[in-house]
Amino acid sequence: MFQNLVNIFFPKVCLSCNNGLADNEIYVCTNCRHNLPVTNYHLEKSDQVKKVFYGRVKLENATALLRFQKKGIVQHLMHNLKYKGHEEIGTFLGAWLGEELKNLYDYRDIDLVIPVPLHKRKLRKRGYNQVALFSEEIAKSLNIKPTESVLIKVNDTTSQVNKSRLSRWNTSKEIFATQNLELIHNKHILLVDDIITTGATIEACANQLLQAKNVKISIATMAMVE
Ligand SMILES: [Zn+2]
């Protein structure tokens with residue numbers, strides 16, 4: 001009775017097409033689910049994602065669940081996730097990818113899942129890190145915990161004065177730092193993010209994490225621009 005009332009006032013709609021969901025559907029309707037452009041990279045052992053990082057950062061394994069196309073269904077999902085408060089899209093995609101990764105040999109020895117962090121200011125404004133639930137769900141599938149205390153996003157403006165011209169130009173890019181680095185010594189880390197476009201964010205994060213002793217890095221994202 002109560003649930004029916006909830007559904008009348010807040011009807012459950014598909015996070016992709018906004019049509020009403022049937023009782024057995026969650027997050028996304030069956031039709032949209034079938035139309036989501038999955039990459040199957042991890043299932044087919046494709047190097048498609050790893051290739052983006054050749055010569056930039058050493059990765060063990062790399063995958064993305066979906067193909068991102070402009071004006072496509074995935075862009076719509078990502079927009080709802082980042083700007084419309086639909087944090088649950090991260091849960092949906094994380095549970096999906098986690099279920100697939102947990103059965104794969106390449107991902108069997110992952111020790112930690114680390115989400116790409118948001119700057120504190122942005123976190124306050126948005127209220128959530130759009131990658132947090134995605135990372136939690138993947139970690140749950142792999143029977144481990146997400147670790148949010150190692151990688152942090154730092155504010156660079158205060159120290160800009162003393163930097164050379166080149167590094168000042170670089171400050172327009174995202175800057176990450178690490179703390180508690182001892183937590184990741186000798187670990188295989190799964191670094192997770194929402195979308196890979198140029199790969200610059202992942203590269204910056206991975207290079208920070210690689211400062212730890214004997215650390216291996218794999219990556220998994222919701223989507224990749226092709
Ligand atoms: Zn739909």
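Two strands are taken to pair if DSSP finds at least two bridges between them. In this predicted model, strand S2 (residues 112-115) meets that condition with S5, the two pairing in the parallel sense over 4 bridges. Within this pairing, Leu112 stands opposite Ile189 in S5.

**Overall content and confidence**

The chain contains 9 helices and 6 strands. Of its 226 residues, 34% are buried. Among contacts with a separation of 6 or more, 74% are between residues 24 or more positions apart.

The average pLDDT of the chain is 87, and 87% of the residues score at least 70. Confidence is lowest in helix H8 (residues 165-170), with a mean of 45, and highest in S6, at 98. The pLDDT is below 50 over residues 158-172, a stretch that has 4 contacts in the model beyond near neighbours in sequence.

**Strand S5 and its partners**

Strand S5 spans residues 188-196 and is mostly covered, with 7 of its 9 residues buried. Besides its pairing with S2, S5 runs parallel to strand S6 (residues 216-225), to which 8 bridges join it. The bridge partner of Ile196 in S6 is Met224. The two pairings of S5 are set out below.

| Strand pair | Sense | Bridges | Residues facing each other |
|---|---|---|---|
| S2 and S5 | parallel | 4 bridges | Leu112 and Ile189 |
| S5 and S6 | parallel | 8 bridges | Ile196 and Met224 |

S5 and S6 also belong to a β-α-β unit with helix H9 (residues 200-209), and this unit is right-handed.

**Helix H4**

Which residues of helix H4 are buried? In this helix, which covers residues 73-83, they are Val74, Leu77, Met78 and Leu81. Viewed down the axis of H4, these buried residues fall within an arc of 95°, so they line one face of the helix. As a general rule, an α-helix has 3.6 residues a turn, so residues three or four places apart point the same way. On the other side of H4, His79 and Tyr83 are exposed.

The buried residues of H4 pack against strand S1 (62-68), helix H5 (88-101), S5 and S6. After H4 comes Gly85, which has a positive phi near 75°.

Key. Residues numbered from 1 in each chain as written. Predicted model: local features only at pLDDT ≥ 70, side-chain atom pairs only at ≥ 80, totals over all residues. Buried ≥ 20, exposed ≤ 12 C-beta atoms within 10 Å, placed from the backbone. Right-handed = clockwise from strand over helix to strand, strands pointing away. Contact = placed C-beta atoms within 7 Å. pLDDT = per-residue confidence, 0-100. Arc of directions from axis to C-beta.
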